[in-house]
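Colleague: I am new to this structure and would be glad of a guided look at one part of it. Could you take your time over the answer?

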Amino acid sequence: MPVSAPPGPRSRATRALSLASLALLLTAACSASPGGASGGDPTAAPPLPGPQDGGDAPDGDRDAAPGDDAPDDGPVGEGPLGTRVVVIDPGHNGGNASAPSEINALVPAGPAEKACDTVGAETGDGYPEHEFNWELSLLVKERLEADGATVLLTREDDEGVGPCIDERAGIGNEAEADAALSIHADGGPESGRGFHVIMPGEVDGFTEEIVEPSRLLAEDVRRAYLEGSDIPYADYLADEGLDERTDLGGLNMSTVPKVFLEAGNMRNPEDAELLSDPAWRERAADSIAQGMAAYLMRS
Ligand SMILES: [Zn+2]
């Protein structure tokens, strides 16, 4: 699928709006007490996407010197998230279904090995999860880059095979990312709807260092996504939208704070209608980027 965001100039107004939004987020994040509501209105001004170059090679060097031809089209590295490195991991891949031997090969996943990857879910109308994950990840990437973050994706397109779950984690580790987010949508029971965020539980020798910050990341993403996506907490699993797991290689193999967002249940008609709607995905990406920015601005 083509990248949907058309190129266009980023104005000073856009940048200013974006900054105002992040300031609000920071206020909300700092003032929120456990279980309490935040004082700001986080829906007031979502970060706005800016034009991006589409370069998303996982190992791309984003420290390249900026050109001097477009002063308002700030390079990656300028903005409130300018020192932050984020990995966005679009779950699965478009070629996985046709490569069972590669996908089923066992790879390190923590104390045990697991399959390299899976095919993923799809809606009743046949909209595949890998495509949803890819499209939403691109939108989140645009938004975070507009605020200056360096954003790496774990795959370059929606047509390949893999990478395996341990390699996806490795991309965040090698980049020493401040945070990593895997974007998925669930294939749950048709009668159940809602989203959940999966965070790593403690696995001896693997996740001790990331459990605590990953929980904060999960809470920030959960709060923003609940407010911005119109999708409720999952009603068929997890606990108020949070699930702690110790069996996911993508989390166990990560040395940087990382969570999975299961953005909705593709098998549920109500969720599927939203997930399939390009306009909804724009709003969802706003909220995910807000949640990630809130986490990144904690420190
Ligand atoms: Zn998935």
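In which loop is Ala238 found?

Modeller: Happy to. Please keep in mind that this is a predicted model. Ala238 is found in the loop between helix 5, which covers 211-229, and strand 7, which covers 242-245. The backbone there has a feature to look for: Ala238 is not a glycine, yet its phi is positive, at about 65 degrees. Ala238 counts as buried, because it has 20 C-beta neighbours inside 10 Å and the cut-off for buried is 20 or more.

Glu176 has 9 C-beta neighbours inside 10 Å, so it counts as exposed; the cut-off for that is 12 or fewer.

Pro163 sits in the loop between strand 4 (150-153) and helix 4 (165-174). The peptide bond joining Gly162 and Pro163 is cis, with omega at about 0 degrees.

Gly148 follows helix 3 and has a positive phi, near 100 degrees.

The loop between strand 3 (113-115) and helix 3 holds Gly124. Gly124 is exposed, because 12 other C-beta atoms lie within 10 Å. Leaving out residues up to four places away in sequence, Gly124 touches Arg267, Pro269 and Ala272. Gly124 and Arg267 are 143 residues apart in sequence, but C-alpha to C-alpha they are 6.2 Å apart in space.

To finish, look at Asn265 in strand 8, residues 258-265. Asn265 is buried, as 30 other C-beta atoms lie within 10 Å. Apart from neighbours within four places in sequence, its contacts are Asp186, Gly188, Gly192, Arg193, Gly194 and Asp271. Take Gly194 from that list: Asn265 and Gly194 are 71 residues apart in sequence and 6.2 Å apart in space, C-alpha to C-alpha.

Key
Residues are numbered from 1 along each chain as its sequence is written. This is a predicted model: local features need pLDDT of at least 70, side-chain atom pairs count only at pLDDT 80 or more; totals for chains, interfaces and linings use all residues. Helices (H or I, at least four residues) and strands (E, at least two) are DSSP runs, numbered from the N terminus. Two residues are in contact if their C-beta atoms, placed from the backbone, lie within 7 Å.
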